[in-house]
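Hi everyone, thanks for coming.

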Amino acid sequence: MIEITNLSKRFKQTQALHPLNLSIPGGCIFGLLGQNGAGKTTLLRILATLLAPSTGDARIGGLDVVHDSLAVRRKMGTVSAGMGVYERLSGRENLHFFGQLYGMQKSDVQARVSELMRELAIGDWIDQRAGGYSTGMKQKIVIARAVLHRPEVLLLDEASNGLDVLARRALMDFALSCKAQNRLVIYSTHVMSEAEALCDHAAILHLGRLIASDSLPGLLEKSGANTLEQCFINLVSASERTAHVR
Amino acid sequence: MFASLQMPQIWAIAKKEILATLRDRRAMLTATLIPLLLLPLLALVMPIAASFVMPALKLDKTRVGIEGTLPEELRKALVGGLISTIKLEMVAQAATAKEMAVAIAVPRLIPQAIGDPPAELVLFQHSSSKRAAAAILAIEAGVSRYNERLSAIKLSALGLDKAQLKPLKTRTEFGKAGFAVNIIGTLLPLMLIIWCAIGGQASAIEATVAERERGTLEALLGAPITRADAVLGKFISVTFFGLISGICGLLGIALTVLCSTWAIKSFLGALSTKAIAAMSLALGLNIEISLLGGLVIFSTVLSLASVMCALVLLPCVFARSYKEAQFYIAPSVMLGVGAAMAANFAEFFSSAVFSSLPMTGSVAVIGDAFVGKISGWTWLLANFSNLALTAVLLLISIYFMCREAVIFRGG
């Protein structure tokens, strides 16, 4: 589904991503794991066509993220921790606005919003102004906005940050339901327990380098660990030792 | 780039921005009520305040120091209602004497009749206050009256009338529009520039900096729209509110005329006839504008609003916070005001040069339209230059919107 070849990103003096190659299959939940500053958000922003890679390319369903950016965006939905909603608009107006941006017919948007109201349990307050929503309510609208156009790929970039237990649970359930609908979910997080509960495959980024990518059992086996957290610590430590020797 | 513009998406963005700003009560108050009511309220309050304050006011005479002796005739000519004199030993004393901005050094011999040797009064101005400047003017006028009086005495002795000294005179008569055209022609575009900037400001900030701060910009730019679509949609909204403010400002000027007429009649009764006539002339109540003139003014106002709103939007696209945006907007507005002020010189130079200057040309065209001077060529040049500058400013905004360093500033 996603093919990344020799992709790197440099911001002036900072090499945010070193050249990396990665292949992500469709219809699964793919974990993108790493500490803060590991390069997860940069990689996701390149996939979301918001940043241009310095070298290499990325293809989503055969479409190049640089040259076919509008077509890529139609296949993609993004939820990230810092994303907000238009607070002077109601939740429904927020969704209708994005429906128009995605070129959806009004009747399609109405039908899809009704579906999402049931799926995300947002029906009770969707017509209130979003300025009065709690963090969890806003996040549900952000999620509804990201999947409104039925994207093939959903990018969740530390989307559970700041959410309470119930909202976090709802987000994880939603990721699982997307997988059940044969969509690819890329789940970026530094919370290993979430990744362990959700992901089929995962890649670990450390200081802008891809240090491992495999199925979850494969990663555990490679690192000789019992838990994903221990696996992460082992692989990161090994990477640092290698960098030190170099 | 423009081949890929998506009109439905541009309209969707514009409508969303308009709706969001319409729901911002404070922004709407600033964009509508202030331009509509500020001047009319001032026009109401000033005559009312004057009716209470003026009877209690007493004019303070300006004190002028004098070194030497003034002949009685000259003293009478100099000392009017606004000046009182103080005897000084030396003019230098005036510099240290409190509340004395002007001193006169009187020569030993003052001419007291035509034919006497000429002399010179030396005036020392020790401060740049308005009072000192007014005193200098009053003294010069007094000296002129004294000279005229000496001439009149001499002419009378020769059996001639003093009017014969000025065989040719001038008299100015105002046309139908009077000097009001100058005031309206210059003031109106200037006010429009300011109101358009104030009206567009809230929408510009809401559509750009606020979008970044609340975390919706990433979602917007992640949708299948181009950066040009985003900027143009926002520009339409900013111009919409800029125009609303401009129109409210125009209505405010009309209300001002009504309010001040009523307030002067009601509170300054004795002055009313003269004051109302002066105000009517000053505010151009007697101006008649043809349909073509109206269309010229309206179309020029539109292009003027568009360039002003693009000028306000650009720094907002670049700014990383509300504070930074407000910091950049002030000089942008000053640019517009400066360009409008430059139109004061338009009538002294080739009209093509001024008409081709963005904003400046519009002010000149609007001023001309008030006196019925309409030239298709200058109208075209003025509007084209405005639209060209708008396009350039929008292209720069789109360039900034495409810059990763700008989009993810601070994020």
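Let's start with a strand pair: β6(A) and strand β7 (residues 153-157) of chain A run parallel, joined over five bridges. Strands count as pairing if DSSP finds at least two bridges between them, and strands here are DSSP E runs of at least two residues, helices H or I runs of at least four, numbered from the N terminus. One bridge to look for: Thr78(A) has Leu155(A) in β7(A) as its partner.

Quick housekeeping. This is a predicted model, where local features need pLDDT of at least 70, side-chain atom pairs count only at pLDDT 80 or more, and totals for chains, interfaces and linings use all residues. Residues are numbered from 1 along each chain as its sequence is written, while chains are lettered from A and ligands numbered from 1 in the order in which they are written.

Back to that sheet. It's an open one with six strands, in the order β6-β7-β8-β3-β9-β10 (chain A), and the pairing is mixed. At the edges sit β6 (76-80) and β10 (209-215) of chain A, each pairing on one side only.

Now over to chain B. Is helix α14 (residues 360-370) of chain B buried or exposed? Eleven of its eleven residues are buried, so α14(B) is largely enclosed by the rest of the structure. Buried means 20 or more other C-beta atoms within 10 Å of the residue's own; exposed means 12 or fewer, partly exposed is in between, and C-beta atoms are placed from the backbone.

What does α14(B) pack against? Helix α15 (residues 376-402) of chain B, at an angle of about 145° and with the axes 8 Å apart. Those axes are lines fitted to C-alpha atoms, for helices over the stretch in contact, and angles run from 0 to 180 degrees between N-to-C directions. From α14(B), Gly361(B), Ser362(B) and Val365(B) meet residues of α15(B), including Trp379(B) and Leu381(B). Contact here is C-beta atoms, placed from the backbone, within 7 Å.

Last stop, the largest nonpolar core: 152 residues, with Val312(B) among those touching the most other members. Such a core is a set of buried Ala, Val, Leu, Ile, Met, Phe, Trp, Tyr and Cys residues joined through C-beta atoms within 7 Å. Helix α11 (residues 291-318) of chain B gives the largest share, 16 residues. Beyond four places in sequence, Val312(B) contacts residues including Ala197(B) and Ile329(B).

Methods: Two residues are in contact if their C-beta atoms, placed from the backbone, lie within 7 Å.
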